[in-house]
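Please look through the structure below together with its sequence.

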Amino acid sequence: MTGIADQAWFRDPALGRILALLNADGGEGRVVGGAVRNSLMGLPVNDVDIATTLRPEAVMERAAAGGIKAVPTGLEHGTVTLVIDGKPFEVTTLRTDVETDGRHAKVAFSTDWKADAERRDLTINALYADARGEVVDLVGGLADIETRNIRFIGDAARRIAEDHLRILRFFRFFAYYGSGRPDAEGLKACSLARSKLTTLSAERVWSELRKLLGAADPGRALLWMRQVAVLTEILPETERWGIDAIPSLITTEKALGWTPDPLLRLAAIVPPDAARMEALAARLKLSNAEAATLKAWTMAAPVNDDMSSAAFERLLYRNGADGITTRLKLALAVARGKAESDFDEMARSARLIKLLDRAVQWQKPRFPLNGGDVISAGIVSGPRVGELLAGLENQWVEENFVSDRAALLARLQERVQ
């Protein structure tokens with residue numbers, strides 16, 4: 001039998017203690033999902049989830065008797081989080097779906113492992129490992145692990161009807177774990193049900209899309225999403241803009257050691273239009289920080305790669321480094337994509353890299369004056385204060401920040417006389 005008993009995470013004494021607790025006196029607990037999947041694929045394991053035949057109340061009682069902290073994180077869905085030495089383990093009672101509407105599910109607790117497996121979404125996510133570390137496969141997940149085939153359990157259309165978010169999960173897991181062409185039945189079912197994505201909350205859609213965009217290489221998944229019109233359904237902004245920039249962006253990220261950035265990938269596939277990005281941020285309910293990042297990019301002035309150092313410093317001061325950095329990264333990806341066959345683009349890439357390095361390290365100079373200085377010079381509080389201050393700051397920037405406070409105060413006195 002296939003096993004994972006030799007995995008370091010599986011030999012964790014805390015996990016062994018929990019499995020022993022759950023497997024005593026007629027109960028049974030098995031590790032389920034991502035930890036098993038990733039171990040079999042040779043990938044890192046972060047979270048360890050456990051399924052059990054015990055009801056949540058019984059899990060909490062056993063935990064209390066064993067001196068283990070138990071947090072009722074989702075009792076209505078059978079989930080209790082057990083914490084040992086600050087490390088959490090989610091323990092969920094086996095379930096069957098009683099009622100689903102594509103967004104929420106009413107469940108009933110069960111002791112049937114096969115029924116629990118069959119209610120899950122994808123075969124690679126429905127593998128269990130028992131207390132001995134032997135893998136239990138009830139839905140054909142091992143074969144799909146071997147071929148890196150991302151496949152719905154049973155009827156794809158039915159799985160999607162149970163939870164419409166599974167459309168995006170199908171492509172997200174393909175981005176992370178898939179190989180070759182996506183499963184044909186799953187692809188067709190996702191395409192036919194794509195309009196149902198509009199019934200989901202914006203938060204769920206963006207959370208799933210952000211995870212997909214954070215994959216090491218989401219390019220193939222985005223391509224198939226575009227092919228079956230799923231991408232247009234959630235990001236209509238990409239319809240005319242396209243996703244052609246993604247391959248060169250991914251190549252550039254890997255070559256230069258950039259950390260995968262979902263917002264940078266998003267910026268690569270949507271037009272740099274402030275109004276559209278504001279509407280996108282509102283529609284997907286992006287966080288304030290995420291919306292600000294996109295706004296800074298769309299509002300930033302274009303960068304001329306052969307501009308002088310002084311001009312670039314002024315550009316950074318007036319636009320901020322964040323938006324300029326995004327523009328430079330996207331421009332660099334395009335240039336590098338052409339550099340193999342174009343000497344001019346190769347030279348442009350080198351110039352863009354230098355500008356990008358400066359933008360990343362840039363610290364905004366502090367303007368030495370404030371409104372109080374203008375008022376102290378004899379100007380009554382009002383619009384004139386801001387006008388004078390803005391004029392002095394603009395001149396200070398144009399002179400490349402060389403004037404100190406004393407020089408600026410002298411200049412202020414000249415203007416108020």
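Over the face of which residue does R30 lie, at 5.9 Å from the ring centre? The residue is Y128. R30 also lies over the face of W113, and there the distance from the ring centre is 4.0 Å. These values, like those below, come from a predicted model.

Aromatic rings also meet one another. A pair of aromatic rings is described by the distance of the centres and the angle of the planes. In the whole structure, a search finds ten aromatic pairs. One of them joins W9 and F10, whose rings are edge-to-face, with 5.6 Å from centre to centre and 90° between the planes. Both W9 and F10 are buried.

Another pair is made by F152 and F170. Their ring centres are 5.2 Å apart and their planes are at 10°, so this pair is stacked, since planes under 30 degrees apart count as stacked. F152 is in the loop between α5 (141-147) and α6 (156-162), while F170 is in helix α7 (residues 166-177), so the pair ties together parts that are 18 residues apart in sequence. F152 and F170 are both buried.

Next comes a pair of helices. The axes of α9 (residues 202-213) and α14 (residues 262-269) come within 8 Å of each other and cross at roughly 95°. On the α9 side the contact is made by W206, R210 and L213, and on the α14 side by P262, L263, R265 and L266. Sorted by kind, the residues of this contact are five nonpolar, no polar and two charged.

R119 is located in the loop between α4 (113-118) and β8 (127-129). Is R119 buried or exposed? Its relative accessible area is 14%, so R119 is buried, as buried means under 20%. Apart from neighbours within four places in sequence, R119 is in contact with R95, T96, D97, V107, E162 and R166.

P368 is another loop residue, placed between α19 (343-361) and α20 (371-376). With a relative accessible area of 17%, P368 is buried. Not counting residues up to four places away in sequence, P368 touches D373, W396, S403, D404, R405 and L408. P368 and A406 are 38 residues apart in sequence, and their C-alpha atoms are 9.0 Å apart in space.

The last topic is the backbone angle phi. Most residues other than glycine have a negative phi. D85, which is not a glycine, has a positive phi near 55°. D85 lies in the loop between β4 (79-84) and β5 (87-93), and its relative accessibility of 80% means that D85 counts as exposed. A229 is not a glycine either, and its phi is positive at about 70°. The loop that holds A229 is between α10 (219-227) and α11 (230-234). A229 has a relative accessibility of 24%, so A229 counts as partly exposed.

Terms used. Residues numbered from 1 in each chain as written. Predicted model: local features only at pLDDT ≥ 70, side-chain atom pairs only at ≥ 80, totals over all residues. Heavy atoms only, no water. Helix = DSSP H or I, 4+ residues; strand = E, 2+ residues; numbered from the N terminus. Buried < 20%, exposed > 50% of the residue type's maximum accessible area, 1.4 Å probe, protein only. Contact = heavy atoms within 4.5 Å. Phe/Tyr/Trp six-rings, centres within 6.5 Å; stacked < 30°, edge-to-face > 60°. Lys NZ or Arg CZ within 6 Å of the ring centre and 35° of its normal. Axes fitted to C-alpha atoms, helices over the stretch in contact; angles between N-to-C directions. Nonpolar A, V, L, I, M, F, W, Y, C, P; charged D, E, K, R; others polar.
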